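Me: I want to learn how to read a few features in a protein model. Can we go through them one at a time?

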Amino acid sequence: MVLAVIASVGSIACGLAIPQVVRTFVNQVLVDGHHSRLWPLALVVLALSAIRSFTNYFRRNASGIVSVRVETELRDRIFAHLQGLPVSFHDSWQTGQLLARATSDLNAIRELIAYGVLFLCVLSVLGIGVIVALAVIDPLLGLVVAAIVPVIVLSARHFDRVVEHDVQESRELVGDLVSTVEEAASGVRVIKAFGREEQEIQRLRAQADRLRTVNLRVVRTRSRWVPLLALLPNLMTAAVLGIGGYRVLHGALDLGGLVAAYQYLGLLALPLRNVGWILTMGQQADAASRRVFEVLDTEPEIADAPDAHVLDTVEGSIDLADVVVRYSPEGPAVLDGVSLSVAPGECVAVVGPSGCGKSTLVALLSRFHDPSSGDVRLDGHALRDVSLHSLRSQVGVVFDEAVLFSGSVRSNIAFGIPDASDEEIEEAARLAGAHEFILGLPDGYETRVGESGYGLSGGQRQRIALARALLSQPRVLVLDDPLSAVDPRTEALIEANLRTVIRGRTTLLVAHRASTISMADRVVLLDGGRIVAEGPHAKLLRSNARYRSLLAAAEDDHELALRAGFVLDEVAP
């Protein structure tokens with residue numbers, strides 16, 4: 001950018017020199033008749049124009065390169081920063097707003113760097129240079145221009161302040177619009193299933209109308225001010241021609257000086273007419289940069305401590321000591337004084353009604369959340385003192401909602417270990433009960449699953465997600481209701497394989513169905529953010545009515561209820 005500024009100054013110097021050569025040409029060749037100087041002076045103008053053209057090329061090229069690099073670096077920084085922000089941040093932000101900040105907002109910043117910064121530099125240096133050059137030709141003409149230029153700049157600044165709020169609001173509305181489009185695209189099946197197409201169209205139309213209203217206010221404001229900003233330089237030109245012509249007629253100014261003065265005004269007129277446009281660009285970039293740095297200035301709540309150590313090997317003991325979790329300082333406790341110890345290799349099922357904190361509890365092991373108070377330890381190490389990468393490499397997670405990425409089945413299974421061998425990938429798929437159906441796909445493991453994996457059924461996506469977690473052979477396994485989207489036959493198949501998988505691994509299993517819970521060595525019953533009962537599955541069935549009612553509500557029909565063994569007349573007292 002410094003080189004671009006230097007090139008701009010060189011271009012301005014050539015531009016300021018040309019009218020002086022033209023003045024000499026008019027006075028000496030046309031007025032005084034020194035015809036021998038015609039071609040030398042013409043060649044000087046040609047040489048200055050060529051230099052000016054080259055410096056303009058270098059200036060535009062350099063500023064363009066800088067602007068693209070800044071845009072690219074900011075986009076990389078935003079994406080990397082978003083990966084480091086906690087799950088709670090992403091839960092509270094609309095995806096469309098983040099997309100707008102990483103696309104249209106960065107484009108506004110790039111345009112300002114490419115055009116606006118150098119424009120202001122050129123206008124400042126050129127304005128001073130023109131005023132000085134005119135003062136040398138005729139002090140009165142220099143004084144006239146020096147009086148009018150500040151009026152033009154101040155008028156443009158006033159226009160800038162008038163549209164400031166509308167420009168900021170426009171960028172926010174663009175983010176809302178992108179969010180609506182993104183939600184409609186990702187939720188198209190729900191929209192169609194409930195026949196809400198027309199309502200979604202109306203919702204988008206209402207947002208587009210609000211955006212149109214704001215943009216039209218900007219258009220109307222520009223319609224009033226831009227012609228005025230274009231008129232003022234013309235008034236300045238008229239004043240200089242009138243005063244200069246009068247002084248030429250009365251012998252106070254030579255004809256070449258008037259021609260040079262007119263050329264100087266030509267150099268200054270176009271930048272002055274564009275002041276309003278550049279200030280609008282600056283206003284948009286200012287609003288965009290505030291939105292971009294709103295994200296970049298968000299400090300990650302969950303990050304490595306300065307002295308965080310690496311977990312090389314893990315036995316798998318887990319200890320929660322009086323853990324309290326609140327998602328906001330004033331909010332209710334999602335977990336309230338939870339204490340739990342899990343021995344290495346033990347499988348503990350976490351059961352409870354919706355909203356009792358099951359997913360929050362198991363998410364603590366991967367530090368998706370940190371407790372508001374209390375302590376979580378793995379093999380005696382406080383999780384806050386362990387590096388996130390080494391912790392998460394030891395904890396395999398399967399969520400209740402299987403998220404897949406655009407790509408092949410193979411790349412989705414190998415997402416955590418991209419260099420895994422084919423044999424390792426297929427073994428993980430077998431353990432997850434996915435190998436057979438994958439072989440039945442059109443291209444087997446190379447079949448592309450499409451965005452979010454919607455080319456597969458819910459059960460197929462879930463088994464691929466399970467294989468993805470098993471591939472890394474984690475010492476600690478977190479299964480957050482992983483069988484919620486599979487049919488009973490597939491459930492039985494996966495459960496049979498899971499019994500092998502969890503053997504020797506510390507496992508926390510969020511589950512609702514008795515067949516899944518029965519895999520656990522111990523069951524923890526959560527209710528209202530507290531552990532209200534724990535023990536083996538069979539014991540809780542006999543002794544805890546709340547536990548029995550939860551399992552009964554989770555079963556689909558009487559046959560599954562019989563499988564669970566909790567029909568009241570068959571439950572031992």
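**Salt bridges, cysteines and a pocket**

Reply: Start with charge pairs: Glu71, Arg75 and Arg110 are linked in a network of salt bridges. Keep in mind that the model is predicted.

Me: What is the general idea behind such pairs?

Reply: Side chains of opposite charge can pair when their charged atoms come close. In this structure the count comes to 21 salt bridges.

Me: Which residue meets Arg23 in a salt bridge?

Reply: Asp254, with 2.8 Å from N to O. The pair links distant parts of the chain, 231 residues apart. Arg23 sits in helix 1, and Asp254 in the loop between helix 8 (197-249) and helix 9.

Me: Are Arg23 and Asp254 buried or partly exposed?

Reply: Arg23 is buried, at 18% relative accessible area. Asp254 is partly exposed, at 28%.

Me: What about Glu446 and Arg410?

Reply: Their side chains form a salt bridge at 2.6 Å, N to O. Glu446 is in the loop between helix 15 (435-439) and helix 16 (458-471) and Arg410 is in helix 13, so this pair ties together parts 36 residues apart in sequence. Glu446 is partly exposed, at 44%, whereas Arg410 is buried, at 19%.

Me: How should I read the cysteines?

Reply: A disulfide is a covalent bond between the sulfur atoms of two cysteines. A search of the whole structure finds zero disulfides. For Cys347, the nearest cysteine sulfur is that of Cys356, 17 Å away. A disulfide would need the sulfur atoms within 2.5 Å. Cys347 is buried, with 2% relative accessible area. Cys356 is buried as well, with 2%.

Me: And how do I find empty space?

Reply: Rolling a probe the size of a water molecule over the atoms shows where empty space is left. Here, the second largest pocket has a volume of about 580 Å³.

Me: Which residues lie nearest the centre of the second largest pocket?

Reply: Arg59, Arg60, Phe119, Val122 and Pro271, out of 23 lining residues. The lining divides into twelve nonpolar, eight polar and three charged residues. Helices 1, 2, 5, 9 and 10 each supply at least two of its residues.

Conventions:
Residues are numbered from 1 along each chain as its sequence is written. This is a predicted model: local features need pLDDT of at least 70, side-chain atom pairs count only at pLDDT 80 or more; totals for chains, interfaces and linings use all residues. Side-chain values use heavy atoms; hydrogens and water are left out. On a 1 Å grid over the protein atoms alone, a cavity is a set of points where a 1.4 Å probe fits but cannot get out, and a pocket is an open set with protein on both sides within 12 Å along at least five of seven lines; lining residues have an atom within 4 Å of a point. Grid points are joined across faces, edges and corners, and a volume is the space filled by probe spheres set on the points. Helices (H or I, at least four residues) and strands (E, at least two) are DSSP runs, numbered from the N terminus. Ala, Val, Leu, Ile, Met, Phe, Trp, Tyr, Cys and Pro count as nonpolar, Asp, Glu, Lys and Arg as charged, and the others, Gly among them, as polar. Buried means under 20% relative accessible area, exposed over 50%, partly exposed in between (1.4 Å probe, protein chains only). A salt bridge is a side-chain nitrogen of Lys or Arg within 4 Å of a carboxyl oxygen of Asp or Glu.
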